[in-house]
Amino acid sequence: MIQQAAITLQEVVYETEENKIICGITGRFTKGKITAIIGPSGAGKTTLFRLCNGLLSPSGGNILINGKEILTFDPVSLRRHVGIVLQQATMLEGSVRDNLALPLQLDGKELTDDEAQRMIQLVGLDPDILDRNSRDLSGGQKQKVSIARTLLNEPEILLLDEITSSLDRVSRQDIEKLIEWINRETGTTVIWITHNLEQAKSVAEEVWVMIDGRIAEAGPIEMLDHPENDDVKHFVMEEGK
């Protein structure tokens, strides 16, 4: 069976006046799967995400979202299709409910109490948390609220950028189980940047290894056990120590 692509990149380049950050990447993220993106710092992983959800525009090449050129989406529509959760779960002043409501407010809509309770329970939090001040939340709670806020738009594609890197082991495992459940139950395509090789092997089905703005190697997650590229071998060996 031919697997469909959620995101397709065709010779994608991104450069500033000083640097070429993404160097002609061609590849596809499989629809409905969890793909891990790993690689050393400065490899261009976060820049790639910003290109995939329209926060940046490529200097060259094409990006297709479900077969449709990214430039044909208006920003609001694109955010509905491609949600992103960042490493730092930014919370605005106010209650959890206020933070959760933000995506709908930006779209001129209101968050109902039923919807707020459903979303907060979806990420494993008690509805009582909705009226707490966001600054009183733990790191794990903030990250779960951030995920719930992104899921409110029901994105078909979810981009996760090092979302568990600052969490303790228990909170990290909670988030991993949550993302696996969302992927399994809703068919949401998940693309997860992580520096943690064990996490990548645990949650992902496919993997991209990025080095110096290029895909050094990509394939099934089992590839990490026997990479062919010398730079990937070195990276995996260093990270596995």
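**Notebook: a sheet and its salt bridges**

I started with E206 in this predicted model, and I found it buried, with a relative accessible area of 16%. Its side chain meets that of K33 in a salt bridge, at 3.7 Å from N to O. I then checked where the two sit: E206 is in strand β9, while K33 is in the loop between β2 (20-30) and β3, 173 residues apart.

Next I looked up the sheet. It is open, with 6 strands in the order β6-β7-β8-β3-β9-β10 and mixed pairing. I noted β6 (82-85) and β10 (214-220) at the edges; each has a single partner strand, so one side of each has no neighbour in the sheet. From one strand to the next, the twist averages 15 degrees.

I followed β9 (residues 206-211) to β10: the two run antiparallel and are joined by 6 bridges. I211 has R214 in β10 as its bridge partner. Helix α6 (residues 169-186) packs on the sheet, where I saw it touch β3 (34-38), β7 (157-161) and β8 (189-193). Its direction makes about 150 degrees with that of β8.

D174 pairs with K144, with the closest N and O atoms 3.8 Å apart. D174 lies in α6 and K144 in helix α5 (residues 139-151), so the pair ties together parts 30 residues apart in sequence. K144 is buried at 12% relative accessible area, whereas D174 is partly exposed at 34%.

R172 and E176 also form a salt bridge, at 3.9 Å; they are 4 residues apart in α6, about one helical turn.

Last, I noted a salt-bridge network linking R97, D113 and D131. My count of salt bridges comes to 8.

How values were computed. Residues are numbered from 1 along each chain as its sequence is written. This is a predicted model: local features need pLDDT of at least 70, side-chain atom pairs count only at pLDDT 80 or more; totals for chains, interfaces and linings use all residues. Side-chain values use heavy atoms; hydrogens and water are left out. Two strands pair if DSSP finds at least two bridges between them. Axes are lines fitted to C-alpha atoms, for helices over the stretch in contact, and angles run from 0 to 180 degrees between N-to-C directions. Contact means heavy atoms within 4.5 Å. A salt bridge is a side-chain nitrogen of Lys or Arg within 4 Å of a carboxyl oxygen of Asp or Glu. Buried means under 20% relative accessible area, exposed over 50%, partly exposed in between (1.4 Å probe, protein chains only).
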